[in-house]
Amino acid sequence: MSEESAFFTCIVCPNGCDLTVTQREGAVTVTGAGCPRGVAFGEREVTAPTRSLTTTVATTLPFCPVLPVKTAGELPKGALLRAMTEINSFKLTHPARRGDVLIDDLLGTGVALVATADTGSYEQASEEETR
């Protein structure tokens with residue numbers, strides 16, 4: 001009959017409720033949440049935490065050496081370092097626009113990695129290639 005408690009600040013909405021999440025005999029109890037979304041967040045934080053990932057990818061484009069990117073969904077928290085290893089081994093070789101999928105299935109999770117900015121105009125890329 002062990003009981004473990006964890007304390008979190010809910011990040012689902014701007015209220016930032018202080019949550020106490022208690023696990024006892026497989027049951028999870030969340031107190032301090034101001035809404036049902038906070039309860040779901042607290043339960044998820046102790047059972048299967050996930051995170052969105054924002055970073056940059058390297059490119060071969062002289063006018064845009066790095067491009068900001070983000071995951072299109074959340075990854076398991078324990079997989080973030082492996083995801084960064086995969087992302088760091090990726091190199092963008094062509095112009096991209098905001099929203100373009102760069103890696104469609106990061107770590108086999110079904111979560112895509114997408115561009116969050118444009119590399120520059122496609123015309124600019126064509127000019128660079130002709131030089």
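A residue is termed buried under 20% relative accessible area, exposed over 50%, and partly exposed in between (1.4 Å probe, protein chains only). The structure is a predicted model, in which local features need pLDDT of at least 70 and side-chain atom pairs count only at pLDDT 80 or more, while totals for chains, interfaces and linings use all residues. Residues are numbered from 1 along each chain as its sequence is written, and side-chain values use heavy atoms, with hydrogens and water left out.

Two salt bridges are present in the structure, a salt bridge being a side-chain nitrogen of Lys or Arg within 4 Å of a carboxyl oxygen of Asp or Glu. One of them joins the side chains of R24 and E3, with an N to O distance of 3.9 Å. R24 belongs to strand β2 (residues 18-24) and E3 to strand β1 (residues 3-9), so the pair ties together parts 21 residues apart in sequence. Strands (E, at least two residues) and helices (H or I, at least four) are DSSP runs, numbered from the N terminus. R24 is partly exposed, at 41% relative accessibility, and E3 is likewise partly exposed, at 49%.

A salt bridge is also formed between the side chains of R51 and E45, at 2.8 Å from N to O. In this pair R51 is partly exposed at 24% relative accessibility, whereas E45 is buried at 11%. E45 is located in helix α1 (residues 36-47). Leaving aside residues up to four places away in sequence, E45 touches F8, T50 and R51, where contact means heavy atoms within 4.5 Å.
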